[in-house]
Amino acid sequence: MDELIYLDNAATSWPKPDRVYKFMIDFYRGCGVNPGRSGFDKAIEAGNILEDLRKRLTRFFGGDESAPQRLCFGYNATDALNLIIQGLLSSGDHVVATNLEHNSVIRPINHLVRDSGVEATFVPFNADGFVEPEAIAAAIRPNTRLVIVNHGSNVLGTVQPVAAIGRVCRDHGVLFAIDASQTAGHIPIDMLAMNIDVLAFTGHKGLMGSTGIGGLYVRPHVDIRHTRAGGTGVRSAYPYHLDEYPYRLEFGTPNMVGIASLWEAQNWIDEQGGVTAIHAHEMELTKKLVDGLGEIEGVTTYCCRSLQNHLSTVTMNVEGFDAADVGIMLDVDFNIATRTGLHCAPLVHEQIGTMKIHGGVRFAIGPFNTEAHIDAAIAAVDEIAVRAHDRMMSSSK
Ligand SMILES: Cc1ncc(COP(=O)(O)O)c(C=O)c1O
């Protein structure tokens with residue numbers, strides 16, 4: 001069978017750049033030791049890449065360059081979001097989130113609401129898939145401690161107006177956090193200019209690193225309580241987890257292979273001309289896909305009327321089939337990998353009314369996709385739409 005056409009880059013980007021694979025192997029073979037500030041040469045070398053990456057990602061996200069220690073590494077966005085939500089909210093606090101959130105925000109919040117006396121409001125998005133800053137302002141209460149927003153929807157692909165939402169939060173004296181899982185590495189982010197106080201990222205999507213690495217940046221005026229404790233490699237006689245950053249939010253031996261992957265992926269992103277150049281390529285293909293799908297009878301796409309402030313993620317359905325059936329046909333009959341179902345974002349599907357057909361079929365274009373991949377995807381959906389039509393006709397006889 002022909003080569004797999006991979007259009008599931010919103011789940012994880014694949015393949016990674018060749019230089020990332022190579023660097024990971026070389027780094028782990030040559031320097032795969034526990035990083036340490038006062039150790040032997042290799043431990044210092046491993047520590048240097050970790051500290052240099054903190055500086056580099058602080059700059060990449062527009063954090064405070066004088067405070068790179070506030071870039072803390074963890075396993076992924078879910079890990080970082082749990083640290084943020086559990087470490088900022090206490091009984092009696094109110095949190096504002098949106099219907100665009102991933103379960104890695106919804107579930108930690110719901111646990112606090114059920115078990116710890118926290119209150120929450122989930123703000124709906126408008127018909128085009130955007131959360132309006134005014135709607136966030138209207139949801140803020142005197143006890144609101146945190147507003148948390150999914151920067152780029154992993155279902156609809158819409159990019160939220162975080163600078164305007166950040167202004168609302170600053171005017172109300174409320175902390176503002178974003179889940180940058182889908183935007184990091186795809187569009188520029190400037191925490192300072194956008195009034196973002198805390199940012200969670202994952203390494204294996206647009207940042208083009210491996211799985212198992214992610215983290216958060218916490219601006220210097222914010223303090224997140226540590227909700228775990230353990231080894232930090234420094235001040236071992238102290239009986240509690242350290243309060244200073246990055247140790248405050250890092251626990252145990254870091255994923256150094258993941259750190260190496262992110263380091264080399266940053267070099268690759270620079271080599272491509274930066275995230276803006278990568279995004280331009282992805283959006284050219286996205287336009288081709290949306291235009292092609294728009295020509296097919298029985299196909300519905302969601303929130304793609306304009307591709308302004310949009311990622312290369314497009315969700316659609318074919319009338320007459322459940323989303324999962326379409327995904328299976330794309331996979332088995334056409335060797336095209338997509339993601340079907342609710343995409344860990346049930347509130348999005350509730351709001352767009354796709355729960356009853358079990359969600360949607362998501363195409364997520366990455367930097368290694370080509371026009372030929374998109375042509376093949378459009379032709380495959382066209383054929384599936386014909387099958388759906390024939391089936392509906394024969395069952396109505
Ligand atoms: C918007 C969003 N938030 C959070 C996550 C969780 O990312 P990870 O699985 O890397 O923790 C994802 C991943 O699909 C996502 O799309």
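User: A pocket is an open set of points on a 1 Å grid over the protein atoms alone, with protein on both sides within 12 Å along at least five of seven lines; lining residues have an atom within 4 Å of a point. How much space lies in the second largest pocket?

Analyst: This is a predicted model: local features need pLDDT of at least 70, side-chain atom pairs pLDDT 80 or more, while totals for chains, interfaces and linings use all residues. Numbering runs from 1 along each chain as its sequence is written, and side-chain values use heavy atoms, without hydrogens and water. The second largest pocket has 22 lining residues, with Ala10, Ala11, His102, Gln182 and Lys205 nearest its centre. Its volume (the space filled by probe spheres set on grid points joined across faces, edges and corners) is about 340 Å³.

User: Which element gives the largest share of that second pocket's lining?

Analyst: By class, the lining of the second largest pocket has five nonpolar, four charged (Asp, Glu, Lys, Arg) and 13 polar residues, Gly counting as polar. Three lining residues of this pocket form the largest share. They come from a helix (a DSSP run of H or I, at least four residues), namely H3.

User: What is the volume of the largest pocket?

Analyst: The largest pocket is lined by 32 residues. Leu50, Thr232, Glu250, Gly252 and Pro254 lie nearest its centre. Its lining divides into 13 nonpolar, 12 polar and seven charged residues. The volume is about 660 Å³.

User: Which element supplies the largest share of the lining of the largest pocket?

Analyst: H2, E2 and H3 each give two or more residues to this lining. The largest share is five residues. That share comes from H2.

User: How large is the largest cavity?

Analyst: A cavity is a set of points where a 1.4 Å probe fits but cannot get out. The whole structure holds one of 30 Å³ or more. The volume is about 50 Å³.

User: Which strands are at the edges of the seven-stranded sheet?

Analyst: The sheet is open, with mixed pairing and the order E2-E8-E7-E6-E5-E3-E4. A strand is a DSSP E run of at least two residues, and two strands pair with at least two bridges between them. The edge strands each pair on one side only. They are E2 (71–74) and E4 (119–123).

User: Which residue in E6 stands opposite Leu146?

Analyst: Strand E5 spans residues 144–150 and strand E6 residues 175–179. They run parallel, joined by five bridges. Opposite Leu146 stands Leu175.
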